[in-house]
Amino acid sequence: MNFQTFLHHIDSIKKAELLAEAAHELMMPPERRGLMQNIDFAELKPKQAAVMMLLYPKNQITHLVLIERNSYPGVHSAQIAFPGGKIDSTDVDFASAALRETFEEVGVEATHIQLIRAFSEVYIPPSNFMVYPFLGVSKTELTFKPDPVEVTGIIEVPLAELLDDTRVVLQNMDTSYSKSIDVPSIELQGHFVWGATAMMLSELKETLRNIL
């Protein structure tokens with residue numbers, strides 16, 4: 001999609017009704033449904049994180065940036081994700097954390113990002129994190145500077161790919177929930193995105209497709 005055309009829809013995106021769980025369920029690993037029915041967040045006291053769903057122009061076409069995380073001993077090792085991370089004591093709010101982490105992980109300064117709105121939070125059981133996603137837009141082309149400690153690769157995704165239903169596939173994999181199960185995934189730029197990131201992408205996709 002042409003980026004200038006996309007910008008004309010910003011006000012509608014701000015006002016759109018979010019689909020939340022209805023959109024998340026489209027990309028939800030099957031075992032998660034039963035697990036979430038018995039969740040007691042007051043007892044679990046989830047840690048909090050924020051991520052940035054950042055749209056920007058590249059060759060006049062609207063793109064979305066994802067990152068490939070480095071390999072490390074942990075449940076999110078080598079996964080495809082949004083720039084983002086844990087809330088810390090210096091953050092004024094979740095949005096500030098998303099902006100800070102975006103700068104730290106991919107080198108995009110907060111002054112280059114227009115925050116559009118918050119999207120629905122997603123809980124990640126394996127790491128006990130509640131993640132708060134934000135949609136942001138940069139009106140200029142970006143040069144990414146990935147943090148080598150956190151990020152092994154930058155993935156620039158044309159928005160048209162995300163909106164393409166044929167990109168949604170079932171991928172057989174081992175997860176924190178179960179072994180060798182078919183998990184809904186989104187194939188973007190040769191990478192398979194699943195789990196919480198795919199659920200957040202699903203809400204973004206379903207919101208935009210009702211507007212664009």
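Ser138 is buried, its relative accessible area being 0%, where buried denotes under 20% relative accessible area, exposed over 50% and partly exposed the range in between, computed with a 1.4 Å probe and protein chains only. The model is a predicted one, in which local features need pLDDT of at least 70 and side-chain atom pairs count only at pLDDT 80 or more, whereas totals for chains, interfaces and linings use all residues. Residues are numbered from 1 along each chain as its sequence is written, and side-chain values use heavy atoms, with hydrogens and water left out.

Ser138 belongs to the loop between strand S7 (129-137) and strand S8 (151-158); helices (H or I, at least four residues) and strands (E, at least two) are taken as DSSP runs numbered from the N terminus. A polar atom of the Ser138 side chain lies 3.3 Å from the backbone oxygen of His112, and a polar atom of that side chain lies 3.1 Å from the backbone oxygen of Thr140. Apart from neighbours within four places in sequence, Ser138 is in contact (heavy atoms within 4.5 Å) with Phe3, Leu54, Leu55, Tyr56, Pro57 and His112.

The protein chain as a whole contains 8 helices and 11 strands. Its radius of gyration, taken over C-alpha atoms, is 16 Å, close to the 17 Å that the globule rule gives for 212 residues, so the chain is as compact as a globular protein of that length; the rule itself is 2.2 Å times the number of residues to the power 0.38. The C-alpha trace spans about 45 × 40 × 30 Å along its principal axes. Of the 212 residues, 48% are buried, and among contacts with a separation of 6 or more, 69% are between residues 24 or more positions apart.

An open sheet is formed by 3 strands in the order S9-S10-S11, with antiparallel pairing, two strands being regarded as paired if DSSP finds at least two bridges between them. Strand S9 (168-173) and strand S11 (191-193) are the edge strands, each pairing on one side only. Neighbouring strands of the sheet are turned by 55 degrees against each other on average, direction ignored, with axes given by lines fitted to C-alpha atoms. S9 is joined to S10 by 6 bridges, and Asn172 stands opposite Asp182 in S10. Strand S10 (residues 181-188) in turn pairs with S11 over 3 bridges; Ile186 has Val193 in S11 as its bridge partner, and Leu188 has His191 in S11. S10 is mostly covered, since 6 of its 8 residues are buried.

Most residues other than glycine have a negative phi. Gln189 takes a phi near 55 degrees in the hairpin of S10 and S11, which has 2 residues between the strands, and with a relative accessible area of 39% Gln189 is partly exposed.

Technical notes: Axes fitted to C-alpha atoms, helices over the stretch in contact; angles between N-to-C directions. Polar contact = N/O pair within 3.5 Å; in protein donor to acceptor, adjacent residues only side chain to side chain.
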